[in-house]
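Hello,

Here is the structure I promised to pass on. My notes follow below it.

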Amino acid sequence: MYQYFLMAGQRNSYGKRSHSQSDYADNGRNKRRNTGSDKDLFSIGPDDTVYRYLCTGKKIGSIIGRGGEIAKQLRVDTKSKIRIGETVPDCEERVVTSYSASEETNNFDGSENCICPAQDALFKVHEKIVSETIDEDSAKCPPSYH
């Protein structure tokens, strides 16, 4: 069995920076996180509709994007709030939470059917994961000969 010990700032075999004790404040919270009034802006209300999606760490980049651009666009497109949970030691998945006010609605797939923004975000997050998986699988397959 091999064990890898990485210093802060070094990258593992997936090209991701490893987490170290220096990434966390003394109270266990992430140092980079805002502690101001953003907490109230992104808190889940008692009447909100909430969905949670469990995503493997290898696929989370297809939801976040470079600099968070995909997640930002998903929030704008669906008019929902989306939070991506922090990594947990010894866990390969991260939780993606989408939520919105229950009384809000979005048109679903350009039809007259309406769904809540949180459900719209759930479907779009799933589409991102599935489309990346299909792209990876098709890249692995040899060309067919006819």
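**Disulfides and core**

A search of the whole structure, which is a predicted model, finds 0 disulfides. Cys91 is partly exposed, at 37% relative accessible area. Cys116 counts as buried, at 11% relative accessibility.

Confidence first, before the details. The chain averages a pLDDT of 76, and 66% of the residues score at least 70. Residues 1-26 have a pLDDT below 50. Beyond near neighbours in sequence, that stretch still has 27 contacts in the model. Where pLDDT is low, the predicted coordinates should not be read in detail.

Now the fold. The chain has 4 helices and 5 strands. From the N terminus on, the order is α-β-α-α-β-β-β-β-α. Take contacts between residues at least 6 apart in sequence: 54% of them join residues at least 24 apart.

The largest nonpolar core holds 13 residues. Tyr53, Cys55, Ile60, Ile63, Ile84, Val96 and Val125 touch the most other members. At least two core residues come from each of β1 (48-56), α3 (69-78), β2 (81-84) and α4 (117-140). The most come from α4, with 4 residues. Leaving aside residues up to four places away in sequence, Ile60 touches Cys55, Ile84, Arg94 and Val96.

Last, the surface. Of the 146 residues in the chain, 25% are buried. The accessible surface comes to about 11,000 Å², and carbon and sulfur atoms account for 52% of that.

Best wishes

Conventions
Residues are numbered from 1 along each chain as its sequence is written. This is a predicted model: local features need pLDDT of at least 70, side-chain atom pairs count only at pLDDT 80 or more; totals for chains, interfaces and linings use all residues. Side-chain values use heavy atoms; hydrogens and water are left out. pLDDT is the predictor's confidence in each residue, from 0 to 100. Contact means heavy atoms within 4.5 Å. A disulfide is a pair of cysteine sulfur atoms within 2.5 Å. Buried means under 20% relative accessible area, exposed over 50%, partly exposed in between (1.4 Å probe, protein chains only). A nonpolar core is a set of buried Ala, Val, Leu, Ile, Met, Phe, Trp, Tyr and Cys residues joined through side-chain atoms within 4.5 Å. Accessible areas come from the Shrake-Rupley method with a 1.4 Å probe; for residues, only the protein chains shown count as cover.
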